[in-house]
Amino acid sequence: MNGFHTGDRDDLEPRIAEILARKLRVRQGAGPYLPRTNAQVREQLARLFAARGLRDIAIDGLTRMTGGASKEQFAFALSHAGAEHPEKLVLRMDPTMGVVETCRAREAQILAALAGVLPVPPVRYVDRDGVHLGQPGLVTSFVSGVTKPTTMSRQTVSGVGIDYGALTPVIAAQFVANLARLHAFDWRGAALPDFAAPAPGTRQAALRQVNWWARVWEQDLVEPQPVITFAERWLRENAPVCDAPVLVHGDYRAGNFMFAEPAGEFTAVLDWELAHLGDFHDDLAWSAQKLFGSRVGDDILVSGLMTRAEFLAAYEAASGRRIDPRVFHYYEVLNAWKCAVLDLSTSCHAAAAGLSHQDLVLAWVAITGAVFMDQIVKLIEEAR
Amino acid sequence: MLPDIDLRLETISTTLRDIVLPVVPMDESLAREHVQLMIAHLAMIKAQWKHALAFELGTYDAQRTLARELIGALDESALRAALDAALRSGETLDRSDYEAVNRALKTLAALLDRAILEHNAGAAVEPRLAAAVLAYGKREAWRYRVWFQGAGVDPDRAELPEIAALFA
């Protein structure tokens, strides 16, 4: 190991620090969270749309959507005086607490910035601080497509274990091409006021991630785990320099994109809540995590699509970048640790306090913490 | 006891599957997904409940071993004294009381956390300490993976033995 540099533990992106502080305020004294009824959601949406100047508002066909482990999501059709036809929309809203606390305004800024660059749902309305919806929320256009083949009967939680069958090669090529396109995006020219870029040529990209998730661990701790604490030290001590920060998706994997059947063409890349400015190896290592893959014989396919070697080679070819194995390995440890933090602290805390609309799902997600702990140990041992 | 715990868990599960789930409308996807997860959790609980105390004791004993190893790497300090005291109080712990074991485990884990963070602060982690924590982590991750294998999410679940093997 190199010398131990803690850096400044309080060096977080300002908006992330605000969101984490808000979490503590909101959950203090909060009773069990009850899933919103359709009538409540209709009323809250009408309040939001009226505040945005719409008149003669009608919200029809409101349906709860499943998928993911953090946000409440609803599809509906909006009619109003200024629209010729009803518009199909999706509401994505925070419960009191989910598997992660993130910012709907950041998510909206990313979606707006990437319109025309990647297939993303167009942003229609944002309630940054939950003034109208009661909790922060984001309304986007409805995008058609599926996250897993409709022929696949097996249940999956949060995209884990999807088998794309005959569509695998078509989807794999787009999976890599879209990631390369994202990392080539010129974020400096985009309106991203709630993001703060790490200084190029420093270790800030990595250390800010460590600081973010170390604070989450501290805030949501249920039962201390020596390996998580040790990994935090290792991550501070081994943080690599990032020369040129890129826009990182933060959760790029199976289940977080939609495609049209039967052709397999991507219709949307979803779930941008963990997006940040950082090192491109961050996304690669996240996508390649064992738990997000599917086992085929001796291989674990990245997001059920291709072997790790194929994925990394295809990314290098599509992006023109060279992957540094040492930096990639660091981000494998960081991401396994981040997932273990989410599973073993936030998920357990929220489920125990009844702060989400799907506490049972969170209790299930928490189970995967064991796999990530195992990964942390194996990866750190490999580096010694 | 009659009816025993396995029977009650089993009947809850079959009720959810055969009576509740069929009448939940197909478009109530959140409710349907939750009924299925309840059934899956119950199956896991059925395999685990008899061993819950033994599992917690396994973690606690592994923590005690780690604590003894870390104490050697700590300077004389209040933390060292606190770890010593926690180890001593563990000698009189009621090992048949699940709640008491769980409380002791959390107390000791918090002290271990402090030891890991405060040891050699400002310099590199001592290799001996790193090796001890990683060896502990390796064993615990394995035990957790075996314990939760019923969820079916572990990519390497084929290599895991039955839960009972943890206590053989």
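Okay, let's start with one residue: setting aside neighbours within four places in sequence, A:M65 touches A:Q73, A:F74 and A:A75. By contact I mean that two C-beta atoms, placed from the backbone, lie within 7 Å. Before I go on, this is a predicted model, where local features need pLDDT of at least 70 and side-chain atom pairs count only at pLDDT 80 or more, while totals for chains, interfaces and linings use all residues. Residues are numbered from 1 along each chain as its sequence is written, and chains are lettered from A and ligands numbered from 1 in the order in which they are written.

Back to A:M65. This methionine sits in strand β1 of chain A, residues 58–65. Strands here are DSSP runs of E, at least two residues, and helices are runs of H or I, at least four, numbered from the N terminus. Is A:M65 buried or partly exposed? It counts as partly exposed, because it has 16 C-beta neighbours inside 10 Å. The cut-offs are 20 or more other C-beta atoms within 10 Å for buried, 12 or fewer for exposed, and partly exposed in between, again with C-beta atoms placed from the backbone. A:D251 is 186 residues away from A:M65 in sequence, and their C-alpha atoms are 20 Å apart in space.

Now to a helix in chain A, α11, residues 369–383. Its 15 residues reach 21 Å from first C-alpha to last, close to the 21 Å expected at 1.5 Å a residue; that expectation is 1.5 Å times one less than the number of residues. Why call α11(A) largely enclosed by the rest of the structure? Because 11 of its 15 residues are buried. Among them are A:F372, A:D374 and A:I380. And what covers these buried residues? The cover includes α6 (226–237), α9 (325–353) and α10 (359–366) of chain A, together with α6 (127–147) of chain B.

That brings us to chain B. It has six helices and zero strands. Its radius of gyration, taken over C-alpha atoms, is 21 Å, whereas a compact globule of 168 residues would be near 15 Å. The globule rule is 2.2 Å times the number of residues to the power 0.38. Along the principal axes, the C-alpha atoms of chain B fill a box of roughly 65 × 35 × 30 Å.

Chain B is split into domain 1 (5–49) and domain 2 (52–159), with bounds from an automatic or database domain assignment. The two domain centres, over C-alpha atoms, are 34 Å apart. Five residues of domain 1 of chain B contact four residues of domain 2 of chain B. On the domain 1 side, that's four nonpolar, one polar and no charged. For the classes, Ala, Val, Leu, Ile, Met, Phe, Trp, Tyr, Cys and Pro are nonpolar, Asp, Glu, Lys and Arg are charged, and the others, Gly among them, are polar.

Next, the interface between the chains: 34 residues from chain B and 34 residues from chain A take part. On the chain B side, the elements giving two or more residues are α2 (29–48), α5 (98–118) and α6. The largest share, nine residues, comes from α6(B). By class, the chain B side has 21 nonpolar, five polar and eight charged residues.

Last, confidence. Chain A has a mean pLDDT of 92, with 96% of its residues at 70 or more; pLDDT is the predictor's confidence in each residue, from 0 to 100. Over residues 1–5 of chain A, though, pLDDT is below 50, and this stretch has 14 contacts in the model beyond near neighbours in sequence. Where pLDDT is low, the predicted coordinates should not be read in detail.
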